[in-house]
Amino acid sequence: MQQQTAYETPYLEAFDAFQGGHASGDPAFIQAHRREAIERFGAQGFPTARRGNEAWKYTDVGPLARIPFQLPDPSRGALVKQGQLKTASFGSGEWPKLVFVDGTYSEELSNLPRSRNGVTICNLAEAMTRRPEVVEQHLGRLASQEENGFTALNAAFVHDGAFVHVSKDYAAEHPVLIINLSSGKHPDSVSHPRALIVAEEGAGATVVEMHASLKGSRYFTNAVTEVVVTPGATVRHYRVQRQSPHAYHIATIKAEVGRDATFDSAAVDMGASLARNNLGVTMAGEEGHAALNGLYLVGDAQHVDNEVVIDHAAPNTSSRELYKGILDGKSRSVFHGSIIVRKDAQKVNASQADKNLLLSEQAEADTKPAFWIYADDVKCGHGAANGQLDENALFYLQARGIDRASARTMLVRAFAREIVQLIDLAPLRDYVDRQVIKVIPQLQSGAA
Amino acid sequence: MVLDSPVLEVRNLWASVGDAPILKGVNFRVMPGEVHAIMGPNGSGKSTLANVLAGHPLYQVTEGEVLFRGEDLLSMAPEDRARRGFFLSFQHPIEIAGVRLDQFMRASYNAVQKSRGQEELDALKFDRLVKSKSKLVELDPTLIRRSVNEGFSGGEKKRTEILQMSILEPTLAILDETDSGLDVDALRVVAEGINQLRTTDNAVVVITHYQRILEYIVPDVVNILSNGRFVKSGRRELAFEIEARGYDWLQETEDRVGVGP
């Protein structure tokens, strides 16, 4: 266990004011959960050790830990207008929308349709009293406080958050948007976005989690998402990260996929100075299927680290992972993909691939696959490829009158397209495609 | 009477890849309305000539000058050459996964139109234009919704090149071995397509190893390229002679020092 250093002090000090302040009305089980979590965080600290720290070997969180990020001062509530949401929003106005500004739930900006049978979408703080049985059963179960200092820290400050629950055999009519917005009005602030998504047996839901900023300021987002896909259910979870170029973004996403259930996930990372995503999926029941897709576009000195762990705990389960990266400037990417196949999990089919397009000589992409296979009748595949833009393709486009910068954008967009097309939600697909086109020239100039 | 000025004038053109010189002093001039054929054995520099004229970054021009409609072609970026009416139909059109052919063609067309201050087309109008032009080369219309050249047959790739030529209406089209890989029927269709695009103002340079395509596209001038320079010039009959006698007899007339077959 790590010694507590001064890095953790600002968070420990903020805890009592938070627990005794506007979160003091939360149910006792939540209060106890938080107290346990802050103690764990105090003991564990940030994973800053550089020796023997395999999980964080390629991503140094020291720079993040050294900044004493503060919870935003609630009395200086940020005024964000509906119009400012546009940059982070897409799809139909009918879609349910949960909006959080600097970690605080915004009722005015959110859009919650009159509750329907079978579907509950609300602020997590409200769900703690409205649906305590679901919250108590699932909150912190998949993304355990024990995971690392970041999950413990998130749990210590859990209050506002997204809660999506779909009852047995119901399907959510519309995709649910979760928008986490940083206003930029609180310098060096921290937020701990939380989402709990539960699809009961045979239920279906599509959830889009957005992380965006209104200003290019420095802040720290420490997000935790838990997705429970019970037997026969289908959940599509899409995540778009467009943080400010000076932001630190740490996200933990944990999913459990039951028998005959499907978890379809796509993650797009375009922002943040440092982004680290811990995606962990447990294939808990037979015939479960998971598709995990990722796209990251980084330039300048951005660093993006995707750690993806798939645990095939049940036989006859399948998973398919495809991550693609576009790197420019002096950016760096890490893809750390682990596939675990348990002893009795026969007939597992798992594939994993990471492909990177390097647009500059200084960019670096590291792919680190790891297989832990304890069953003997399994099919596991792995692929990795790093390449540059094809000069002949660029020339072909130029020879037809297209200028070099546009030709480059066309080819990079084409590379990203493979992932974009896997997003099974047309408005989001178009949104991501547009963002990709927008961000490519910025990568080149180092402005992203 | 006003004398026509040349569409293309190539003067003492030398070009290399790395340290290896490939073109060693090429001279020729193409007038409006003309069809030129450039023939030559493999490795003679035919494709290099085409690529140098189009501005491929792999090749360095070490000497000489090229005027295209009176302007210095070699100082222009590849896209500016295209926008001024230069077109190269590639010998091996590249496959570009993820870029839809129709979207690429529209981007190309609009870039050229915009540079000329002419109307750009939206997807709908452009579709109509493509449909009317596709008939010319008998191109399967479903192909244009697919990725550029991806999984296309040799013939489909060449038809697609000529389709692009018909859309861009270039002043000078260089057809680099457009006949290679085509069966007789496809060759006839492609050649007829090219013929229909000919006017008194534009010009075509057909680069080929065989004279077969020249039965359909009748040249005014035939130049034989060997070892990086033109070794013989003639009328259409020269192509027939090459057909009958091959290229070997021509090489005897030139300096072969340090040159492969």
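This is a predicted model: local features need pLDDT of at least 70, side-chain atom pairs count only at pLDDT 80 or more; totals for chains, interfaces and linings use all residues.
User: What radius of gyration does chain A have, and what would a compact globule have with 448 residues?

Analyst: A compact globule with 448 residues would have a radius of gyration near 22 Å, and because chain A has 21 Å, the two agree. Chain B can be read in the same manner: with 261 residues the value for a compact globule would be near 18 Å, and chain B has 18 Å, so here too there is agreement. The C-alpha atoms of chain B fill a box of roughly 55 × 45 × 40 Å, and 43% of its 261 residues count as buried.

User: What share of the contacts in each chain joins residues at least 24 apart in sequence?

Analyst: In chain A, taking contacts with a separation of 6 or more, residues 24 or more positions apart account for 84%. In chain B, among contacts between residues at least 6 apart, the share is 71%.

User: How do I read a sheet, and in what order do the four strands of the open sheet in chain B lie?

Analyst: Strands of a sheet pair through backbone hydrogen bonds, and the pairing may be parallel or antiparallel. Chain B, which has eight helices and 12 strands, contains an open sheet of four strands in the order 2-1-4-5, with antiparallel pairing. Strand 2 (20–30) and strand 5 (71–72) of chain B are at the edges; each has a single partner strand, so one side of each has no neighbour in the sheet.

User: How many bridges join strand 4 to strand 5 of chain B, and which residue stands opposite Phe68(B)?

Analyst: Two bridges join strand 4 (residues 60–68) to strand 5 of chain B, and Phe68(B) stands opposite Glu71(B), which is in strand 5. Helix 1 (residues 46–54) of chain B lies across strand 1 (8–17), strand 2 and strand 4, and runs at about 75 degrees to strand 2.

User: Which residues have the most contacts inside the largest nonpolar core?

Analyst: That core has 204 residues, and those with the most contacts inside it include Ile178(A), Val229(A), Leu172(B) and Ile174(B). Helix 8 of chain A gives the most to this core, with nine residues. As for Ile174(B), its contacts beyond four places in sequence are Ala50(B), Leu53(B), Phe87(B), Leu88(B), Ser89(B), Val205(B) and Ile207(B).

User: How many residues does each chain bring to the contact between A and B?

Analyst: The size of an interface is often given as the accessible area lost when the parts come together. Here one can count residues instead: 17 from chain A and 20 from chain B take part. Helix 7 (391–398) and helix 8 (404–420) of chain A each supply at least two residues of the side that touches chain B. By class, that side of chain A has eight nonpolar, four polar and five charged residues.

User: Finally, why is Glu126(A) called partly exposed?

Analyst: Glu126(A) has 14 other C-beta atoms within 10 Å, so Glu126(A) counts as partly exposed. Glu126(A) is found in helix 4 (residues 124–130) of chain A. Between Glu126(A) and Asn349(A) there are 223 residues of separation in sequence and 40 Å in space, C-alpha to C-alpha.

Definitions and conventions:
Residues are numbered from 1 along each chain as its sequence is written. Chains are lettered from A and ligands numbered from 1 in the order in which they are written. A residue is buried if 20 or more other C-beta atoms lie within 10 Å of its own, exposed if 12 or fewer, and partly exposed in between; C-beta atoms are placed from the backbone. Two residues are in contact if their C-beta atoms, placed from the backbone, lie within 7 Å. Ala, Val, Leu, Ile, Met, Phe, Trp, Tyr, Cys and Pro count as nonpolar, Asp, Glu, Lys and Arg as charged, and the others, Gly among them, as polar. A nonpolar core is a set of buried Ala, Val, Leu, Ile, Met, Phe, Trp, Tyr and Cys residues joined through C-beta atoms within 7 Å. Two strands pair if DSSP finds at least two bridges between them. Axes are lines fitted to C-alpha atoms, for helices over the stretch in contact, and angles run from 0 to 180 degrees between N-to-C directions. The radius of gyration is taken over C-alpha atoms; the globule rule is 2.2 Å times the number of residues to the power 0.38.
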